[in-house]
Amino acid sequence: MQPDFPAPASGYTSIPEFVQAFPAPPGSGGTYKAMTPLWGAIPPTTGNLYFDTVNKAIGSKVEFQISDGNTYGDKLAAVLASPKDIADWVCIPSWNVPPRFGTAVDQLFTDLTPYLAGDKVKEYPNLANIPTDAWRFCVWNNKLVGLPMPDSGVPNPLFYRDDIFAELGITDLPTTPDELIELAKQLTDPGKGVYGAEDLWTQAANMYETPSKWKLDGDKLVHRVETEEYRGALEWIRKLFEAGVVHPDAVAGNNGDAKTRFESGRTLIANDGIGGWSEALQRNLGSNPGYSQRPMPVFGVNGTDVKIYKGNAASIMSYLKKTDDEAKIKELLKIADFLASPFGTTEYQLINFGVENEHYTIDGDGLPVSTELAATELQPTYIFLVDPPVANTKVQFPGYVEASSTWINETAKHFVDPVFYGLNIAEPSEYASLATPFTDLEKDIARGRKSLSDLDAAVETWRKSGGEELRTFYQKILDEQ
């Protein structure tokens with residue numbers, strides 16, 4: 001089924017009649033253990049109708065070992081240190097990749113290149129349907145080792161409460177960083193407990209085109225903290241805080257309640273992930289039918305002529321335990337092909353919503369409505385092994401698919417690839433904490449506790465403490481490309 005809005009948004013404005021992608025279960029009856037994270041209540045893994053039904057549809061049994069996502073990195077490190085304890089299928093988010101993984105991956109996990117490279121992937125059509133960019137993040141040492149959970153790669157939008165803007169008669173949106181501060185001043189009314197903005201450090205970095213790690217100046221690698229873009233973002237965020245437009249709780253560092261402040265109208269401009277938009281609508285439309293938020297069109301120091309560094313096309317990957325058993329690998333890949341069934345298939349519906357009339361019912365708009373059993377049994381689990389291309393399907397929110405798809409596709413016109421985009425690079429562990437002091441420094445400069453001269457000193461310390469060696473490490477990788 002073709003989307004109404006093309007990729008990367010892939011937006012669907014209606015729910016289709018679902019088709020069956022697999023006329024028969026693709027599995028061969030094997031049983032496999034899978035280790036995955038979860039940010040939520042861990043469901044029972046035995047006596048669970050959801051797991052049992054999906055496994056029956058697959059024709060193989062996937063037994064989950066689910067761990068708290070907040071501490072998953074620690075659990076993962078312990079398991080990877082003992083190869084005999086590694087599950088058959090292991091999810092490794094990019095932020096949990098352990099030091100020296102690049103040297104260990106060949107010993108721990110199966111090289112999938114012989115099975116999926118070139119035309120061989122056609123044996124697994126749903127895997128072949130996953131965007132090439134997502135696969136790039138699954139390559140280690142020039143070998144395809146991982147299976148991706150695709151992402152759109154869009155940056156965190158700058159949201160504003162367009163419903164409240166309309167009440168205030170505000171129609172002109174900012175197109176420069178200075179105009180954004182002026183708008184935040186206009187919105188701020190401390191007497192009413194209303195402030196123009198949350199902490200907008202993410203927006204500052206985007207507006208000033210700050211690289212996530214490295215940029216090229218000619219043929220020389222320059223680290224993020226050394227760039228004029230980083231300095232400009234820090235100067236701007238300090239001006240924002242000095243203007244008195246940031247909510248006091250955000251100034252105090254309480255960003256955990258930022259969504260609550262924004263959704264209650266105590267702040268009117270905030271950064272959030274693109275997925276936070278539909279989640280906010282879900283939380284608020286029932287009690288406040290007029291609730292609305294929108295992302296501002298992207299802009300920067302040069303107005304709307306801004307470049308946006310593309311985010312990862314996949315940040316969560318999974319890996320198959322190293323084995324010489326070709327039949328086992330092929331069965332696991334057939335399972336993966338099933339799990340990658342795209343939106344519009346009955347398999348996608350089953351994986352995401354469970355069993356109809358048990359885990360969900362269909363409402364008048366053709367949308368699934370979760371039951372109490374779903375709250376107990378159904379949590380996202382299979383998606384951490386492999387997932388189909390991103391599909392924007394929140395048709396239950398009037399106008400959402402069109403608005404979000406349009407913003408994503410317009411923003412994508414500004415995309416540029418960061419240096420080393422799509423390369424998995426495991427830094428030597430001695431450099432792991434080099435950038436840590438800058439997180440606190442960013443907060444201190446924003447709040448006036450430190451100045452840009454402190455940035456100069458911190459950069460010099462970074463260079464002397466291993467930064468130059470880190471640059472040499474990356475330069476070698478760059479030269480080999």
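In what order do the 5 strands of the open sheet stand? The order is β2-β1-β3-β13-β6, and the pairing is mixed. Two strands pair here if DSSP finds at least two bridges between them. Helices (H or I, at least four residues) and strands (E, at least two) are DSSP runs, numbered from the N terminus.

Before we go on, a word on what you are looking at. This is a predicted model, in which local features need pLDDT of at least 70 and side-chain atom pairs count only at pLDDT 80 or more, while totals for chains, interfaces and linings use all residues. Residues are numbered from 1 along each chain as its sequence is written, and side-chain values use heavy atoms, with hydrogens and water left out.

**The whole protein**

The protein has 19 helices and 16 strands. Its radius of gyration, taken over C-alpha atoms, is 24 Å, close to the 23 Å that the globule rule gives for 481 residues, so the protein is as compact as a globular protein of that length. That rule is 2.2 Å times the number of residues to the power 0.38. Along the principal axes, the C-alpha atoms fill a box of roughly 65 × 60 × 35 Å. Of the 481 residues, 51% count as buried. Buried means under 20% relative accessible area, exposed over 50%, and partly exposed in between (1.4 Å probe, protein chains only). Contact means heavy atoms within 4.5 Å; among contacts between residues at least 6 apart in sequence, 77% join residues at least 24 apart.

Thr 36 stands opposite Ile 66 in β2. β6 is joined by 5 bridges to β13 (residues 314–320), and these two run antiparallel. Gly 146 has Tyr 319 in β13 as its bridge partner.

Is β6 mostly covered or mostly exposed? It is mostly covered, as 5 of its 5 residues are buried. Gly 146, Pro 148 and Pro 150 point one way from the strand, and Leu 147 and Met 149 the other way.

**Aromatic pairs**

The structure holds 26 aromatic pairs. Rings of Phe, Tyr and Trp (its six-membered ring) pair if their centres lie within 6.5 Å; planes under 30 degrees apart count as stacked, over 60 as edge-to-face and the rest as tilted. Here are two of the pairs.

| Pair | Centre to centre | Angle between planes | Type |
|---|---|---|---|
| Phe 51 and Tyr 382 | 6.0 Å | 65° | edge-to-face |
| Phe 343 and Tyr 348 | 5.5 Å | 85° | edge-to-face |

Phe 51 lies in helix α1 (residues 49–58) and Tyr 382 in the loop between α16 (372–377) and α17 (400–412), so this pair links parts of the chain 331 residues apart. Both Phe 51 and Tyr 382 are buried. Phe 343 is buried too, at 7% relative accessible area, and Tyr 348 is buried at 12%. Elsewhere, Trp 214, Phe 420, Trp 462, Phe 473 and Tyr 474 form one aromatic cluster.

**A buried glutamate**

Glu 209 sits in the loop between α9 (201–207) and β8 (214–217). With 14% relative accessibility, Glu 209 counts as buried. Which residues does Glu 209 contact, leaving aside neighbours within four places in sequence? They are Glu 229, Asp 305, Val 306, Lys 307 and Tyr 309. Glu 209 and Tyr 309 are 100 residues apart along the chain, and their C-alpha atoms are separated by 7.4 Å.
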